Each structure stands twice: as structure tokens, then as C-alpha cells.
Amino acid sequence: MELSNDNLVDKVALVTGACGGIGRAICERLAADNVRIALVDLDSQELKRAASMLDTDTFAAALDVGDSDDVSRGYDRIREEFGDVDILVNCAGILSNNKLLETAPNEWRKVMAVNLDSALYWSQAVVPSMKKNHFGRIINISSFAWKAGGLTAGTAYTASKGGMVSLTFSIALEFADAGITVNGIAPCYVMTPMISEQLSKEQREAILDLLPVKRFCMPEEVAHTVRFLASPLSGFITGEIIDMNGGLQFD
Ligand code: NAD
């Protein structure tokens with residue numbers, strides 16, 4: 001594996017949540033570099049539509065990322081019909097704004113399954129071939145909520161994104177000598193339906209007031225960071241969580 005170039009041509013990326021606001025932007029960004037993309041999301045029609053808009057070779061797998069059997073079956077199909085995965089982007093996620101006393105057990109379980117368990121299942125699936133090929137990039141889309149306690153986000157969501165950070169650290173350390181990097185991105189307030197539809201107008205105005213950059217993050221900006229981390233030239237960066245919080249917190 002040539003480490004001193006930035007070439008991703010013909011690499012295979014698997015992007016979960018590929019039909020969402022950030023997932024679509026990630027697919028478009030990677031497709032621009034001729035990365036072959038396996039798109040994963042819930043709805044097969046939406047997936048077909050999203051895949052057809054990409055100017056690269058694609059494979060669409062409709063499945064529930066929070067279900068380990070679904071992931072295992074889906075991964076087997078992707079590997080057999082599309083090839084070994086070089087870049088895994090765990091982007092599928094659901095938001096819950098309920099705080100501690102309003103968080104029901106089934107809500108907690110559902111958020112954990114989709115946001116956190118899924119990242120474990122997909123990482124377990126792709127790591128053996130990444131190890132064999134001595135190249136792999138795992139990129140976990142966490143959230144600023146993980147260290148801010150969730151300004152608007154609820155308890156289950158915040159805990160799931162914190163769990164994702166610890167998972168990132170653990171896998172990064174275990175496979176650091178295998179050519180596999182594992183990093184996270186912690187954005188806040190990216191302009192997708194998660195913000196435009198799940199927050200009220202008043203909540204959005206209050207957030208803009210709070211944000212030093214005075215604007216929401218764009219999905220393309222998150223996609224740009226994914227592209228950076230996916231590069232062979234980013235191989236010395238592992239176990240890092242890249243903040244994209246518009247100056248809300250410096251550290
Ligand atoms: P989105 O709702 O537009 O996209 C999420 C996608 O995940 C959807 O296409 C949805 O169908 C898919 N998905 C949900 N449950 C699934 C399941 N069980 N199996 C398969 N796919 C499933 O949201 P987004 O804003 O694009 O968010 C993408 C990621 O970024 C999420 O993990 C989210 O937590 C994280 N994030 C978003 C923001 C933000 O402000 N938008 C901020 C920080 C982090």
C-alpha cells in the first residue's frame with residue numbers, strides 16, 4: 001500500500017445513513033474521487049435514487065444497521081458482490097431530544113442500537129479484510145453532544161455519541177499496527193432535516209445566537225473532513241476526534 005499519496009481511486013467505501021443529509025454529501029465527495037461506494041440505509045427506493053445520482057460504481061443495501069443479523073447478511077452481500085471495504089463511514093443515526101426523566105427504556109435501546117451498536121457491528125465486519133490488506137479507514141460520525149452533554153440533544157443520543165468516541169479509541173489502539181486508522185468527527189448543528197425539521201424555529205434562532213461562527217455547518221464540510229481522514233496520507237492520525245463546532249468549544 002502506497003502511503004505517500006492521496007489517491008482513493010477504486011477504493012471501496014461503505015457509508016451508512018447514505019440517504020441522509022450528511023451521508024449523501026459524503027457519498028458525493030467520495031464519488032468525486034472515483035471511490036466505489038456501498039450505500040447502506042433503511043429504504044431501498046431511496047437508496048436506489050441516491051445511488052443513481054452518484055457518478056461512480058455503487059452498491060445499495062437496504063437494512064437496519066442496529067440489527068446485527070441484518071448487518072452480517074448485508075456485509076456478506078457487499079463483500080461478495082462489490083469487494084473488500086477499504087473505508088467505513090458509520091454515519092447512520094437517529095436523534096432523540098428527551099432528557100433523563102423522559103427517556104423510556106425502549107427509546108434508550110433503540111438509540112443505542114442505531115447510533116452505537118451499529119458502529120461495533122460494521123467495524124467487526126470490515127476489520128478482518130482491512131487487516132489482510134493492511135489498509136483501512138474507519139470514520140465514526142459522533143457529535144459535539146458527546147462532550148457538551150447535549151445542548152439540545154437528549155440523554156440517550158448524547159450517551160450513544162460518547163460511546164462511539166470510546167469505541168473509536170478502543171479500536172484505534174487495537175489495530176494501530178495493522179494499517180487501520182479509526183477516527184471520529186464531532187459536528188454540531190449541521191443543516192440537514194435533523195436540524196431543519198426536528199428543532200423549532202425558536203431553537204434554531206437560539207443556537208445561531210450561541211454559535212460563534214453565526215451559521216450552521218454544511219453537510220459538505222463534514223464530507224470534506226471524511227475525505228481528509230480517508231486519505232492514505234492521513235495514516236498517522238488515529239484515535240482522533242475532529243471537532244466541527246463553529247467555535248463553541250476550544251480544546
Ligand atoms: P439524517 O436524519 O438526514 O440522516 C440519517 C440517516 O440514517 C437517514 O437516511 C436514515 O434513514 C438513516 N438511518 C436511521 N436509522 C437507520 C437504521 N436503523 N438503519 C439504517 N439507516 C438508518 O441525519 P444527518 O443529519 O445526516 O445525520 C447523520 C449523522 O450525523 C448521524 O449519526 C447524526 O447523529 C450525526 N450528527 C448530525 C448532526 C446534525 O446537526 N445534523 C450533528 C452531529 C452529528
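Biologist: Where is Asp64 found?
Modeller: Asp64 sits in the loop between strand S3 (58–62) and helix H3 (68–82). Helices (H or I, at least four residues) and strands (E, at least two) are DSSP runs, numbered from the N terminus. Mind that this is a predicted model, where local features need pLDDT of at least 70, side-chain atom pairs count only at pLDDT 80 or more, and totals for chains, interfaces and linings use all residues. Residues are numbered from 1 along each chain as its sequence is written, and side-chain values use heavy atoms, with hydrogens and water left out.

Biologist: Why does Asp64 count as partly exposed?
Modeller: Because its relative accessibility is 26%; buried is under 20% relative accessible area, exposed over 50%, partly exposed in between (1.4 Å probe, protein chains only).

Biologist: And what does Asp64 touch, not counting residues up to four places away in sequence?
Modeller: Leu42, Asp70 and Val71, with contact meaning heavy atoms within 4.5 Å.

Biologist: Switching to the ligand: which residues come nearest?
Modeller: Asp41, Asp64, Tyr157, Val190 and Thr192, out of 27 residues around the ligand (near means a heavy atom within 4 Å).

Biologist: How far is a ligand nitrogen atom from an N or O atom in the Asp64 side chain?
Modeller: That distance is 2.8 Å. A ligand nitrogen is also 3.0 Å from a polar backbone atom of Val65, and a ligand oxygen is 2.9 Å from a polar backbone atom of Cys91.

Biologist: Back to Asp64, which C-alpha separation do you get to Asp43?
Modeller: 9.3 Å, with the two residues 21 apart along the chain.

Methods
Polar contact = N/O pair within 3.5 Å; in protein donor to acceptor, adjacent residues only side chain to side chain.
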